[in-house]
Amino acid sequence: MKRRNGNADSLMTKAGGELDDRFKLARPARVLMNKVFPDHWSFLLGEIALFSFILLLLTGTFLALFFEPSMAHTTYEGSYVPLQGVGMSKAYESTLDISFEVRGGLIMRQMHHWATLLFMASMLVHMMRIFFTGAFRAPRETNWLIGILMFWVAFFEGFFGYSLPDDGLSGTGLRIMEGMTASIPFIGPWASAALFGGPFPGDSVISMIYIFHVFLFPLILLALITVHVGLVFAQKHTQWPGPGRTEHNVVGFRMFPNYVMKQVGFMLFIWGVVAAMAGLFQINPVWLFGPYEASVVSSGSQPDFYVMYLDGLIRLFPAWEFRMAPYFTLAPVFWPGIVGMGLSVLLPLLYPAIERRFTKDRGHHNLLQRPRDVPARTGVGVMVIVFWLIGVVSGGNDVFAETFDISLNAMTWGGRIGIVVLPILSYYLTYRICLGLQQHDREVLAHGLETGILMRDPDGRFYEVHQPLAEPDEHGHTELEYSGAPVPKKMNRVGALPPTDKGFFKSIEEPSDNGGTSRDEIEAGHK
Amino acid sequence: MAASAKRRRGWRKRLGALARFTGALVIVGGLYSAFAPSLYAQEAEDNAIDSEVVKGQELYDTSCISCHGDNGEGVEGRGPSLIGIGSGAVEFQVNTGRMPMAAQGAQAPSGEPVFTEEEAEWLGAYIEYLGGGAEVPDDLEILVEDADTAEGGDLYRVNCSSCHGFAGGGGALSSGAHAPDLIGVSDEELYQAMLTGPQNMPVFADNELTPEQKADIIAYVQYIVNDDKDPGGVFDLGRFGPSTEGLAIFLVGISALLLATLWIAGKS
């Protein structure tokens, strides 16, 4: 047998040359591989959403092979005893079959569901990062808009997926959505009838939302994600202010090999977390819920967490019905359901424009802001989070009441008062905390670091020695500009002491060579 | 002749009266003896129950009387009348520790029973003696054995799940009342609860759910509580549904991945 000459390197070069000859890949590949990304943990949150979306496509394809989106009536004859002989739709039957008959079907279903929750949760966390650091400012407003749109497309995509199995719980969710739709003035009843093909529940809604769920909405999401990520490439990533970082450069690591390696590792880690959760935690046990019947509403019925705040708003809103007899009745659910959801879409979309109106800041920004440096925005953000959290808790208020032995009525009234009072209170508190943190930064810049060394004057006065960060003037003050970058707060941050131990599982501290005294020797000396 | 005939007529007349009298006595006596033995026999049985009723009354007078009144007629604002509720209701409330109630509240919580099962039976006998009431059938065990779990599931979802939840985990009612979870509840207690409607639970009398249907429901509840082994994972997250699932994705999923981002971004 003839042995080939040459090594792997020359083979790669040859293959690369051949490919470039045909497809002209060298130039774009070089640009891509040399693209620089700044490194910070908070810049990886959006990737969690991206990679869980890919996992959703993979697991969803598997489920689509076995799911039957039909509301045709059938009688269950599968292996789950308490449902044998029970009449149900084919959609619910095929979901039971995926859970109990299809090999690996249950873990796939559970991975799909956990990945959905992770997708939505990571989008929220990513959105919070973008908001609190001001990354949505010019020139990146478009990407903020796309992000908000993606969240709402995913919101409905998730809700549709949750409704597909046609089980008792999801049918209750659909019923609430039907009620919200029907509450829209004038067009409501028509819209509801169009959606359900007549009176609820009809016999067509599952096959309709199936096409939304597996085709239309994923396609929209895919397109939006492509533009979203493409814009991050084109506009370059934002970075934190710091040494050497300006509005006009990007300091970080190259796409290849650093970032590619990190991203692939991170993707596999995310998938691993989802798979582990799907194996450990039972999610959406549809076989316990039974087939959907319009007369059955269980206690403790909640939507998935990303819909829960809307449910909470509906539960908290007073039963105010507006009537103009005999022409017109406006159901109370219209205000929290339709107006509440509409504002939840609209206000985030408009936020960059609103903020610019107040700040009159029209410049381009590539440097991020620390939350403490924009107290008003941080306050608004915390306000929204508190409002959302009270909504979520109220969405599960019956479960809370039952678990913690609280009266359900007390939960409702607590939520009603809390959702008005607490956001305002939290805005004020956050604003003051931000100013306090700024104040401390400025103090360190003016007076230096606290050393922890107390001195006593001959006249009896005690004072703490401060380490100035620059050459001080005759009053001991330093004229350092406040620039919104992190300020060192401990002596070891400025190299006066060895850095704090960075080991995760075991110590990786090395003996310092300043004077040859290691930590062990110092400790031995004290004994 | 006339005199003797007269005498004879008088004698025959007296004899006839005696015969009629004897006949009447025989009929009355016969009737009496036909009915009297059963009365005597029942009284003899009553004596045996009597001792249970008496013991029950003694317990009642020390532990229940302050809220339910001298003769179980109830006390306004404290406790309802117990006339006609039957021994099943008494045994359910006492054996689950709901009665005697420690304090007035939205609802008596279940707990450690104060009385033994025997004492609960005496109390039940006393209340039964006061006014009768619905009872658990003796062949409940056989009924449950022959029950149709799937049928029970249908009935459970329509009649029970709106308070006790899909998975029997219980649920909140208004003003601090709640429907308890159904975990570890015996067949008999489930039947008693359906039959008598304790606390805030409605009564499902035999004309609403037949004894067979009640047995179906019992079979279904015992299946989902004991035999459904949560095939979806090691942890069932309390079977609370999306509320605990949402908590888990943040506490487990997002937390783990935030640590991962710190780790990955830290390794440069």
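## Close-up views of a two-chain predicted model

The place of A:Pro257 is in helix 10 of chain A (helices are DSSP runs of H or I with at least four residues, numbered from the N terminus). The model is predicted: local features need pLDDT of at least 70, side-chain atom pairs count only at pLDDT 80 or more, and totals for chains, interfaces and linings use all residues. Residues are numbered from 1 along each chain as its sequence is written, while chains are lettered from A and ligands numbered from 1 in the order in which they are written.

View 1. The bond from A:Phe256 to A:Pro257 is cis, with omega near 5°. A:Pro139 lies in the loop between helix 5 and helix 6 (141-163) of chain A. In chain B, B:Gln199 is not a glycine, yet has a positive phi of about 50°. The loop between helix 8 (187-196) and helix 9 (211-227) of chain B holds B:Gln199. Most residues other than glycine have a negative phi, and most peptide bonds are trans.

**View 2. The interface of chain A with chain B.** In this interface, 58 residues of chain A are in contact with 54 residues of chain B (contact: C-beta atoms, placed from the backbone, within 7 Å). Elements giving two or more residues to the chain A side include helix 3, helix 5 (105-132), helix 7 (168-182) and helix 16 (408-447) of chain A. Helix 10 of chain A gives the largest share of that side, nine residues. The chain A side divides into 35 nonpolar, 18 polar and five charged residues (Ala, Val, Leu, Ile, Met, Phe, Trp, Tyr, Cys and Pro count as nonpolar, Asp, Glu, Lys and Arg as charged, and the others, Gly among them, as polar). For the complex, the predictor gives an ipTM of 0.89 and a pTM of 0.87.

**View 3. Helix 3 of chain A against helix 9 of chain A.** The axes of helix 3 (residues 45-66) and helix 9 (residues 205-235) of chain A come within 12 Å and cross at roughly 160° (axes are lines fitted to C-alpha atoms, for helices over the stretch in contact, and angles run from 0 to 180 degrees between N-to-C directions). Helix 3 and helix 9 of chain A are therefore roughly antiparallel to each other (angles over 145 degrees count as such). A:Leu50, A:Phe53, A:Leu57, A:Gly60 and A:Ala64 in helix 3 of chain A meet A:Val214, A:Pro218, A:Leu221 and A:Ile225 in helix 9 of chain A. By class, this contact of helix 3 with helix 9 of chain A has eight nonpolar, one polar and no charged residues.

**View 4. Helix 7 of chain A against helix 8 of chain A.** Helix 7 and helix 8 (residues 188-196) of chain A pack at an angle of about 145°, with their axes 7 Å apart. Helix 7 of chain A contributes A:Glu178, A:Thr181 and A:Ala182, and helix 8 of chain A contributes residues including A:Gly188, A:Pro189 and A:Phe196. The contact of helix 7 with helix 8 of chain A divides into five nonpolar, three polar and one charged.

View 5. Domain 1 (44-135) and domain 2 (138-228) of chain B are given by the domain assignment (bounds come from an automatic or database assignment). Their centres, taken over C-alpha atoms, are separated by 23 Å. The contact takes 15 residues from domain 1 and 13 residues from domain 2 of chain B. Chain B averages a pLDDT of 86, and 91% of the residues score at least 70 (pLDDT is the predictor's confidence in each residue, from 0 to 100). Over residues 41-45 of chain B the pLDDT is below 50, and this stretch has zero contacts in the model beyond near neighbours in sequence. Where pLDDT is low, the predicted coordinates should not be read in detail.

Conventions: Parallel < 35°, antiparallel > 145°, perpendicular 65-115°, else oblique. Contact = placed C-beta atoms within 7 Å.
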